[in-house]
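The following note sets out points for discussion on the structure shown below.

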Amino acid sequence: MSAPASPSELTDGAVGDVLFTREVELTRDRLVRYAGASRDFNAIHYNDAVAEQVGLPGVIAHGMLTMGLAGSALTDWLQESDPRGVARVARYSTRFSRPIQVPATGSVTLTITGTLGAVDQTGDDGEPRVRVDLRAEAAGVTVLAKAQAFIRV
Amino acid sequence: MVGAVDASRVGSVFTGTPPFEVTRRDVVAFADAVGATSSVHRDVDAARAAGYADLVAPVTFAVVVAQEAESEYIADPASGIDFSRVVHADESFAHRRPLVAGESVTTAVHVDAVTTRGPLTLVTTRTELTDAAGDGVATVVSTLAVRGADA
């Protein structure tokens, strides 16, 4: 495989540089779409009564929806400068620190920010990587912890 | 009661799930749900122009394949996991390459750890995804936190 051009911010940027931001409105509609697309039909993601029964304040977003939305913000940004940007993502991981409550009507805003976390990293294959740190916030609360992607450069 | 999860299953491997056939509809519906807007997820010509065999699955799509396979272990009553008391603690993907539409993916779910931390039991599975040629495509590691009955 030839080495296509990297997003220049990945190789020339400084650690801490903000690479991209994206805002997404989380609605019940999106939760139901994600349930169908992912085949994760846990009722706490669409039914308030069930959510309250298990001690939640109400319906919450799938953690994997939040991780997926942040991943899309990353790969859409990579794709802007490289048609094989998706294939550059070697690793992507997170912890789910807080659930996001999603109202029955209206929406809650998820804000995703990607920053250059570290350069001169090395993958399992010995090839170079850079680390992009992803931040996801809803209602002023950080919902993903230590969300990191290692990108082939 | 705490500790209902059967720790003796650590080291077990589950391979009983039929191969996952990735369809174009699967890829587009998932891309819509997670807001992946690049044409490589939606336009076969764009995907092929970028060197892929077909539509490219978004970066977290492998969880769909993994969760279906994990259910062979998680949903088995003998595992002792009460799914109504489960929250997702963490998730990790390692990709050799992206999944693409049209391929058939086989899985092996490894139970890597069952550990107790206060009222929580943490269950870590590692699902290896393999393509039709027998090559590894991705590894999906997932940790579920199961609350004890009093937590």
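1. The largest pocket. In this predicted model, 33 residues line the largest pocket, and those nearest its centre are Asp40(A), His45(A), Val87(B), His88(B) and Leu144(B). Two or more lining residues come from each of helix H4 (63-81) of chain A, helix H3 (62-74) of chain B and strand S3 (86-95) of chain B. H3(B) supplies the largest share of this lining, with six residues. The space in the largest pocket amounts to about 770 Å³. By class, its lining comprises 18 nonpolar, 10 polar and five charged residues.

2. Geometry of H3(B). This helix contains 13 residues, and the distance from its first C-alpha to its last is 17 Å, close to the 18 Å expected at 1.5 Å a residue. A bend of about 25 degrees is found in H3(B) at Glu68(B). Glu68(B) is also named among the residues that line the second largest cavity.

3. Burial along H3(B). Which residues of H3(B) are buried? They are Ala62(B), Val63(B), Val64(B), Val65(B), Ala66(B), Ala69(B), Glu70(B), Tyr73(B) and Ile74(B). As a general point, residues three or four places apart in an α-helix point the same way, because there are 3.6 residues a turn. In H3(B), the buried set includes Ala62(B), Ala66(B), Ala69(B) and Tyr73(B).

4. The largest cavity. Two cavities of 30 Å³ or more are counted in the model. The largest cavity has a volume of about 60 Å³. From chain A, its lining includes Val86(A), Ala87(A) and Val89(A). From chain B, the lining includes Ala57(B), Pro58(B), Val59(B) and Ala62(B), together with His95(B), Arg97(B), Pro98(B) and Leu99(B). Nine of the lining residues are nonpolar, one is polar and one is charged. Ala62(B), one of the residues of this lining, is also one of the buried residues of H3(B).

5. The second largest cavity. This cavity holds about 30 Å³ of space. Its lining consists of Thr17(B), Pro18(B), Phe20(B), Val65(B), Glu68(B), Ala69(B), Val105(B) and Thr107(B). H3 and strand S4 (104-117) of chain B are the elements that give two or more residues to it. The greatest contribution, three residues, is that of H3(B). The lining divides into five nonpolar, two polar and one charged residues.

6. Chain A as a whole. Chain A has four helices and six strands, in the order α-β-α-α-α-β-β-β-β-β from the N terminus. Its C-alpha trace spans about 50 × 30 × 25 Å along the principal axes. Of its 153 residues, 50% count as buried.

7. An unreviewed UniProt entry lists residues 18-117 of chain A as "domain: MaoC-like". Over that span the chain is 36% helix and 27% strand, with the end C-alpha atoms 9 Å apart. For chain B, an unreviewed UniProt entry lists residues 10-139 as "domain: FAS1-like dehydratase". That span is 23% helix and 33% strand, and its end C-alpha atoms lie 18 Å apart.

8. Positive phi angles in chain A. Arg39(A), a residue other than glycine, has a positive phi near 65 degrees. Arg39(A) is located in the loop between helix H2 (28-38) and helix H3 (48-53) of chain A. Is Arg39(A) buried or partly exposed? Its relative accessible area is 40%, so Arg39(A) counts as partly exposed. Asp120(A), likewise not a glycine, has a positive phi of about 60 degrees. Asp120(A) is placed in strand S3 (residues 108-122) of chain A. With a relative accessible area of 72%, Asp120(A) is exposed.

9. Ala70(A) belongs to helix H4 of chain A, an element that gives two or more residues to the lining of the largest pocket. Ala70(A) counts as buried because its relative accessibility is 0%, under the 20% cut-off. Between Ala70(A) and Val108(A) there is a separation of 38 residues in sequence and 15 Å in space, C-alpha to C-alpha.

Conventions: Residues are numbered from 1 along each chain as its sequence is written. Chains are lettered from A and ligands numbered from 1 in the order in which they are written. This is a predicted model: local features need pLDDT of at least 70, side-chain atom pairs count only at pLDDT 80 or more; totals for chains, interfaces and linings use all residues. Side-chain values use heavy atoms; hydrogens and water are left out. On a 1 Å grid over the protein atoms alone, a cavity is a set of points where a 1.4 Å probe fits but cannot get out, and a pocket is an open set with protein on both sides within 12 Å along at least five of seven lines; lining residues have an atom within 4 Å of a point. Grid points are joined across faces, edges and corners, and a volume is the space filled by probe spheres set on the points. Ala, Val, Leu, Ile, Met, Phe, Trp, Tyr, Cys and Pro count as nonpolar, Asp, Glu, Lys and Arg as charged, and the others, Gly among them, as polar. The expected span of a helix is 1.5 Å times one less than its number of residues. The bend at a residue is the angle between axes fitted to the seven residues ending there and the seven starting there. Buried means under 20% relative accessible area, exposed over 50%, partly exposed in between (1.4 Å probe, protein chains only). UniProt positions are given in the numbering used here, feature names are shortened, and annotations may be inferred rather than shown by experiment.
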